[in-house]
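We will go from stop to stop, and at each one you can pick out the residues and look around.

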Amino acid sequence: MLQFIIRRTVGAVVTLFLIGAVTFFLFVAAPSDYASLACGKDCSPQRLEDIRQALGLNLPITQQFWDFMSGIFVGRDFPTGHCTAPCLGQSFYSGEMVWSTIMDRFPTTLTLTAGGAVVFLVVGVGAGMIAAYRRGSVVDKVATSASMVLSSFQIYLLGPIVLWIFVYSTGWMENPGYVPITQDPWGWFVGMLLPTLVMATIFTAQYTRMARSSMIEQLAEEHVRTARAKGMSRKYVFFRYAWRGALIPIVTVLGIDLSSMLGGAVVTELTFSLQGIGRLAVDGAIHKDLPMTMGVMLFGAFFILIFNILTDIAYAWIDPRVRLS
Amino acid sequence: MKSFSSRRAQAIVVAFAAGSLVLTGCSENKGSDTGANSKKDQQEASVQSKAVTYADAAGSTGPAEDIAGAESGGTITVYQEAGLSHLDPGQIYVSDAGQVANLLFRRLTQFQEDDKGNVSVVGDLATDSGKSSDGGKTWTFTLKDDVKDAKGNVITSADVRHSVERLYAKFIFDGPTYLQNWLSGAKYRDALPKGGFDGKHLPKSVLDTPDDKTVIFHFDTPRQDLPQTLAMAGYAIVPAKDDTKEKYDTAPVATGPYKIKSYKNGKSLVLVKNTNWDPKTDSVRHQYVDGFNFQFGVTESTQTKRLIADQGGDKNAIQFTGGVEATQIQDVIKNPSVNKRTVKGYQPYVMQLTFNLDRVKNLKVRQAVTYALNSKSLIAGEGGVYGGDVAPNYFAPTLPGYEAGYDPYGRLKTPQGNIAKAKELLKDVPAAEKKVVFAYGNTENGQKRKVAIEDALSKVGFDVVSKEVDAASYYEQIGKLKNPYDMYVTGWGQDWPSPSTVITPIYDGDQVSDGASNYSHVNDPKVQELIKKALNQKPEEAAATWKEAQHYLLEKVVPAAPLWYTKQFQLSGSNVGGTRYSSVSSLLDINHLFLKKS
């Protein structure tokens, strides 16, 4: 296990470096740069040069890349002050350090992700399991139909409807927004309730369908039939054997979903005017803000790699037949 | 030096402006105006669009006149889509930061406006709007007594000198450059490379501070507009001892009625009262509310929905530089209780189809295009009558010298284009000259403009080749002297209410160079002569010269076809009082607000 983790961690670092390199050089190769954008109209060559110099864009590309990557491990100095490791650079657009900006926005995304995961795992997987357990019953039909309808919704459709009902039309709730839980727990809960529920609703439907089909598939496996033939109760077999097998595809998808959500729930954040990682990514791309885009890309990639490793470990724990090698 | 799609082009921030709008064209809405009378607005704007006056000491003495019914207390929520470009005054040129600057920073002079649309320049830190001598080459300002910054330090002439000199440093690259150019020429940075941070100063023959209270500017040519120039946010005061250079951009020291409590760019900005601001020294600003709570990242669509709904905390909310989203305009104007919470007015921008005169050399072709264009369909893409009005000439209704009836191409009578006249002009034009290359930015609006322009020109026989250009580098691409395009849409607005900030930057032949704003590359001897003449005249005398220049340009040269005037239309919550359109900022007057029930 330890060897596995070490090997995968080294692989993750190399992958992160490659992602950073590809992002950086693609960005640099793009037809326009931040200096041109900042320079705007009446942009004399001298003025463009001043901006390039102020932002360090006049340095050789390789040096810019090296400065960025080395800053992650040893920090960097900027005219506005020292950026301690892990330094992801300084935003061209806002002038703020990228790492501190990401850390400022991350709690919003983390709340969405964690809150959403609790809802769609408990409700979605639970409903799917019950539907499979009572296959063909009214409960199954209701769960299947509801999940089909809800999974066809999109956040950008459901979000505005929910906002219109609960905020704009009735005034039952204030506008969604993130308040630190340490500052105001109730405000945090209420502020993030609608976005979390809306996002979770879409995922819940998907997890219900996935859990149901996975469980039905497991219930048809030979080892389950054998266990039943040996006289074990249906409930016992369901929770002792079928359940674990059904978890494998769920964990796989969960790992992908959580890592991409932590990398930025873009649509949810934009729909509810939340300032999370997804929003940062969009703003970074729009403003040609290379350090911010690099930072968010690497931050998102970090979670994808971490959840990949965790998913592999979870496989071995769930199914003893799987060996980490 | 003000573009419609400016430094932060993607965010379409609107350059900070000073105008001379009028109550008819810019007002608090009473709930009944449906916008159908825009033509009347233009005509009335023409009558009242007059030159800014320069106030004496009496007009510059605080406090500002009380607003009827104003209450104290409460916090206004401010919705804004994009983060602020800068907070260092020297870097401020566009409207988002410029609006914040109105709350945070003071300058030597400031614009003051009344409910009748009259705009004057008053002394802000100075006792008056400045005293000129030597035919306008020398300007003297005397500082008011005991004006303090947020740290309690008295502002002296050394702070004013420092605020000017620091603009020469290389880390200041985004603000206006008028004053620096006037004082030290185009290569002004060479005159003080370290921006005064090394203890060196501009010579006294350029900028003199003989005592703590006196500041004297010396120019080599008359600068009659200086009081207006110094009222720009980019020339606000940075106290010398508090200057942290690059770091100042995120943590500036306030001199105005509010100061920064917390700031996370792109996310939030909290302003609270600056207790060291003395209303007796300020004839423009108020301090009715306890503070402003800015929330960034709220799209114009969401802002509009929230403010139409007017629920809970949104009763105390305003739009900052954003306007009512185009698709929700009807929801606003059809609901009187919502419509009465709007303000509207002309912005200083004239959108035009600029010709590259190096390529489109045939005057008849340029005139034919001007006749053929369909302003109505172009405006429809901008939100209809609330997004803009047909522009018959190059001067916006906000500009002194604006002539509502000056319409040499009959665009007001035929806003959909005069097809017959265009065809007649093209009768003898060779087919090769009817093939034109049109560049447009790859944005949603750019696409709409492309369709409208292609449609209009093809109707009269042009073969239009449209070329998509990356929106972020649009102005860089069309700004190249040897660009491969025949025509492109540009927008321009005045930096202060004078045609000198319109005609000079975009039609001055001396400014034909890569990256310069003379996108048509026009270099006409008569225009040059008129510009030179007007710049040496006092504003009231110069008005006739600028008028002559515009007429000559539009009728004889045609470097661009005027398309439409842009308009602003903003909404606020029902508990926000004192709302009015500012002819200075072309936005809701941020210094004139209070909460009815705090």
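## Stop one: two cis prolines

Start by selecting Pro86(A), which sits in the loop between strand S2 (81–83) and helix H5 (98–133) of chain A. Helices (H or I, at least four residues) and strands (E, at least two) are DSSP runs, numbered from the N terminus. The peptide bond joining Ala85(A) and Pro86(A) is cis, with omega about -5 degrees. Now move to Pro63(B), in the loop between strand S2 (53–54) and strand S3 (75–80) of chain B. The bond from Gly62(B) to Pro63(B) is cis too, and here omega is near 0 degrees.

Before going further, a word on what you have loaded: this is a predicted model, in which local features need pLDDT of at least 70, side-chain atom pairs count only at pLDDT 80 or more, and totals for chains, interfaces and linings use all residues. Residues are numbered from 1 along each chain as its sequence is written, while chains are lettered from A and ligands numbered from 1 in the order in which they are written.

## Stop two: positive phi

Select Ser273(A), in the loop between helix H11 (266–271) and H12 of chain A. Its phi is near 55 degrees, a positive value in a residue other than glycine. Is Ser273(A) buried or exposed? Ser273(A) is buried, with 23 other C-beta atoms within 10 Å. The cut-offs are 20 or more other C-beta atoms within 10 Å for buried, 12 or fewer for exposed, and partly exposed in between, with C-beta atoms placed from the backbone.

Next comes Lys245(B), in the loop between helix H5 (226–229) and strand S10 (258–264) of chain B. Phi of Lys245(B) is also near 55 degrees, but this residue is partly exposed, with 16 other C-beta atoms within 10 Å.

## Stop three: a bent helix

Show helix H8 (residues 185–219) of chain A, which has 35 residues. Its end C-alpha atoms are only 43 Å apart, short of the 51 Å that a straight helix would reach at 1.5 Å a residue; the expected span is 1.5 Å times one less than the number of residues. Where does H8(A) bend? Zoom in on Leu193(A): the bend there is about 45 degrees, and Pro195(A) follows within four residues. The bend is the angle between axes fitted to the seven residues ending there and the seven starting there.

## Stop four: where the chains meet

Colour by chain and look at the contact, which takes 36 residues from chain A and 41 residues from chain B. Two residues are in contact if their C-beta atoms lie within 7 Å. On the chain A side, the elements giving two or more residues are helix H2 (34–39), helix H3 (45–55), helix H7 (155–169) and helix H12 (277–286). H3(A) provides the largest share, seven residues.

## Stop five: the cores

Select Ile51(A), Ile76(B), Ala97(B), Ala101(B) and Phe292(B), the residues with the most contacts inside the largest nonpolar core, which has 122 residues. Such a core is a set of buried Ala, Val, Leu, Ile, Met, Phe, Trp, Tyr and Cys residues joined through C-beta atoms within 7 Å. Helix H13 (residues 290–318) of chain A gives the largest share of this core, seven residues. Leaving aside neighbours within four places in sequence, Ile51(A) is in contact with Ala35(A), Ala38(A), Cys39(A) and Phe173(B). Another core, of 70 residues, lies apart from it, with Val365(B) and Tyr565(B) among them.
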